[in-house]
Every structure is written in C-alpha cells, then in structure tokens.
Amino acid sequence: MATRVLILGAAGRDFHNFNVCYRDRPEWEVVAFTATQIPNIAGRRYPPELAGALYPEGIPIYPEERLVELIKTLGVDQVVFAYSDVSHEHVMHLASAALAEGTDFVLLGPRRTMLHSAKPVVSVGAVRTGAGKSPTTRRIAEIVRSAGWRLVVIRHPMPYGDIAAQACQRFASLDDLDRHQCTLEEREEYEPHLRRGTVVYSGVDYERILRAAEAEADVILWDGGNNDLPFLRPDFHIVVADPHRAGHERSYHPGEANLRMADLVVVSKVDTAPPEATRAVRASVAALNPRAVIVEAALYIVAEDGQLAAGQRALVIEDGPTLTHGEMPYGAGVLAARSAGAVPVDPRPWAAESIRAVYRQYPHLGAVLPAMGYGDTQLADLAATIAQTPCDVVVCATPVDLRRLITIRQPVVRVGYELRERPPDALIGPVVDAVRGALERRLERPR
C-alpha cells in the first residue's frame, strides 16, 4: 500500500519537494498540502497538469491550522515539513503534534531535492528574511556580468496566482510582469533584476525552468527566497547573515543549515549594527562553519524621485515579507526618514480591512506600512490606507515603483538598499574564481 503523505508548505518548497520526490511515484500518495504565511493559498488545489497522472483531480490545499484533524481524517502516515523562515521551536511544535498522532515527521534534505545543472550555479541565500539577500544577489549579478559571462537568474518560487499557468515563467522586461499578472510581492523580487537587464526565470516546475534557463546562460544565479535552501546544487553558495538579529543564524530553520553549507558568508548591515553584534555573528559563523569565507558589507541607502526634509510627516512603506515573517520592525524607509529628520506617521488608525488583519497577525509592527499585495483586494486596501493616512510625503522602500500599480496622490520618495562590501570589491575574487573553477570542471568531465 502507498504511504500517505501530508506536505506542510507555503506555496514554494512544498510544491518543489512534491515534484522531485513524489510525483509519478505510486509508492507514495500525497493526500494534501497545507498552507501558511501566504494568504489566498489554502482552499485551492495543486493542479493536475503539474501533479501528474496519479492525481487526475489535483491535490487539495488546506490551512495548516487543521494539521491534527487532517492527520486523522486522511489517514496520514508521514508529515513532510517544507517551508522556511520559522524558528526551530516552531518546527518542533509541529513535529510534536504529528508525532503525537503516530505519524512520521520528515525534513527532506538537499541530496534528494537539489537539481543538477549543466552550467555553473552561484546561489545566494540567507539566515533570515530581510538580511540583505536581494542587494547581495544584485551585486553578485553585477560581478558575473562584468566578467563577461551571460547570466540568468532563477528565483525561488512565488506562485500566488494561477499555479498551472506559472509552471515556467520567463521575465525579460517590465511588460512581462504585467503579462504574467504578477503580484506586488513577485514584482519586488523580479523588477530590480529586469531594470538591470537580467533575465529572470521562476515558477513551479524547476526541472523545466532550469533546462530553459541553461539554454541562454553561461552562469545560473539562484536567488533564494526567505532563508530557504537552494533548489539547485550550487558550485558556490553565498549566505547572508544579519547582525541586527544576532543569534538568529543559530535558531531559525533552515537558516542554520544554510549557514553550515555556505562557502562564503556576507555579514551585512555592518554600517548600522552595533559592533558587538557583528562580532557575535562572526563568532557564530566560525563555530558553525569554520571553512566559510566571511565578507562584511554595508547596505547603503539610495534615494530616487525626490528628497526628504526635516519636519515632514512621512508615511513609510517597507518591504512586506521583511516586516511580517521576517520579524523586522523597520527597514530602509525608516532609516532614510530618520536620517533626514522626517517624522514617521503611524498608519494603523487609517488601515483598510486586510491591512488591519496584517497588523493583528504581526503585533511587532509599529509606525510603518508593510507593502502587502498578494491579491487585488489586498492591493486595493494598501492603496486606500495610503490615501487615508495624513502625511506630507510617502517614503516607498519596496523595490517596486508602486505608482505603476496603484494611484498615490502624495509626493513619493523611493529609497532602497545597495550592497557595498568592506574592503571594496572583496566579493569579486571569490565569485569569479568559483565560476572559473566550475566551468573548468565541466570541461574536464567526459562526454
């Protein structure tokens, strides 16, 4: 009889693990997925077009809150944990609930879930969401392209729309974002690469995505999501650690595994973190992964489309995932406002319905507005919250130009982070050497 499997996920790692480990294998029967972190995923189905011939009606997706009930009613033999950026304690609470019902609790490892590429792969991950992974990825892309190699970015999945239609997506221009009906959260990750002329692939079926990307690249750059492990086997694995959350590199899953796997660790935000926190992170890296090269880096703030002035009432909009499950109280927008002497306005009294729900779910949030737009309703509520909040200027610290998506009547100043390693150009040598070595190894392999 087939082993009955329930996969706990958040519309990313869970689908990938199914595709590479369970699809088209009759010894396993995946009876359901669960969903958390991302709204509007539960209640849908993983479509039959992707689930394979063994699942002609697809696979249902339920809220994670129903875990114990689902184990009982679906006759589950094995619970597979498959999402990221949660504390070790969180993982073990779920494990305890599953074990108490008599089921196995499983974490699938990189040996089973990483895909092999014919092209060199540089991967960028992190120990937590909001550590500085995106500016680090952009810096690595700049280094690879400056060395003369054709680069394609493969991004961690963000299938928040039609899952079947998002099986394999290619983005080469901003118009592609509109054509694929991308959410705000997807645009935050893709748009900065596109503005620099880098092609991005993403979707659901990463075997198909990888083969398509290989056809137009000399080098693949894996752009990780949250603090998840890469879906591709990297030739060089870079992990970003955050001294503003010193200790989290040891206490969040799978960030600690990422750190232990790293070839190079970027300790970011050293310009704003206390020196003792930077030293603590370096000590953690040395203890957990003494072979890793450590590079310190600053995240400097870049402002566009205007200037901030002292005394202005500023509505600060920050990157959503960084503030929510990343648990950061603020980001580049608050730092820019404070530096200019502007006064952040608390948007919570004017928050529209779905935005109020976000504040209830994440009570650590204060006088800052997370850029939430996982669907049309949430995006409309974000626009309404901005319109209703009394302010002189909107400080938009999401990587997306929100004015392409919603109407903002107030003046807007866009701010963002760029990475600058210390000493300057300290990343160039390790990255270029790693890619050259990977290319040479592939040339040496027998055909």
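**Backbone, core and enclosed space**

D24 sits in the loop that connects α1 (13-21) to β2 (28-35); helices (H or I, at least four residues) and strands (E, at least two) are DSSP runs, numbered from the N terminus. The model is a predicted one, in which local features need pLDDT of at least 70 and side-chain atom pairs count only at pLDDT 80 or more, while totals for chains, interfaces and linings use all residues. Residues are numbered from 1 along each chain as its sequence is written, and side-chain values use heavy atoms, with hydrogens and water left out.

With a relative accessibility of 47%, D24 counts as partly exposed, on a scale where buried means under 20% relative accessible area, exposed over 50%, and partly exposed in between (1.4 Å probe, protein chains only). N226 also carries a positive phi, of about 50°, although it is not a glycine. The loop that holds N226 runs between β12 (219-223) and β13 (236-241). N226 is buried, its relative accessible area being 16%.

The bond from H253 to P254 is cis, with omega near -10°, and P254 belongs to the loop between β14 (252-253) and α10 (255-261). The bond from R422 to P423 is likewise cis, with omega near 0°; here the proline, P423, falls in the loop between β21 (412-422) and α16 (428-444).

Turning to the whole chain, the secondary structure amounts to 16 helices and 21 strands. The radius of gyration is 22 Å, close to the 22 Å that the globule rule gives for 447 residues, so the chain is as compact as a globular protein of that length; the radius is taken over C-alpha atoms, and the rule is 2.2 Å times the number of residues to the power 0.38. Along its principal axes, the C-alpha trace spans about 70 × 55 × 45 Å. Buried residues make up 58% of the 447 in the chain. Among contacts (heavy atoms within 4.5 Å) between residues at least 6 apart in sequence, 79% join residues at least 24 apart.

Two strand residues illustrate the buried part of the chain. L221, in strand β12, is buried, with a relative accessible area of 1%. Not counting residues up to four places away in sequence, L221 touches V122, V124, T137, I140, A141, L151, V152, V153 and I154. R155, in strand β9 (residues 151-155), is buried too, at 5% relative accessibility. Leaving aside neighbours within four places in sequence, the contacts of R155 include E189, Y190, W222 and D223.

On a 1 Å grid over the protein atoms alone, a cavity is a set of points where a 1.4 Å probe fits but cannot get out, and a pocket is an open set with protein on both sides within 12 Å along at least five of seven lines; lining residues have an atom within 4 Å of a point. Grid points are joined across faces, edges and corners, and a volume is the space filled by probe spheres set on the points.

The search of the whole structure finds one cavity of 30 Å³ or more. The largest cavity has a volume of about 40 Å³, and its lining consists of S134, R138, E188, E189, P192, H193, D223 and P399. Two or more of these residues come from each of α6 (133-146) and α8 (184-195), and α8 provides the largest share, four residues. By class, the lining has two nonpolar, two polar and four charged residues, where Ala, Val, Leu, Ile, Met, Phe, Trp, Tyr, Cys and Pro count as nonpolar, Asp, Glu, Lys and Arg as charged, and the others, Gly among them, as polar. E189 and D223, both in this lining, are also among the contacts of R155.

The second largest pocket holds about 440 Å³ of space. Of its 24 lining residues, Q37, I38, P39, N40 and Q361 are the closest to the centre. At least two lining residues come from each of α14 (353-361) and α15 (376-388), with α14 giving the most, four residues. The lining of this pocket has 11 nonpolar, 10 polar and three charged residues.
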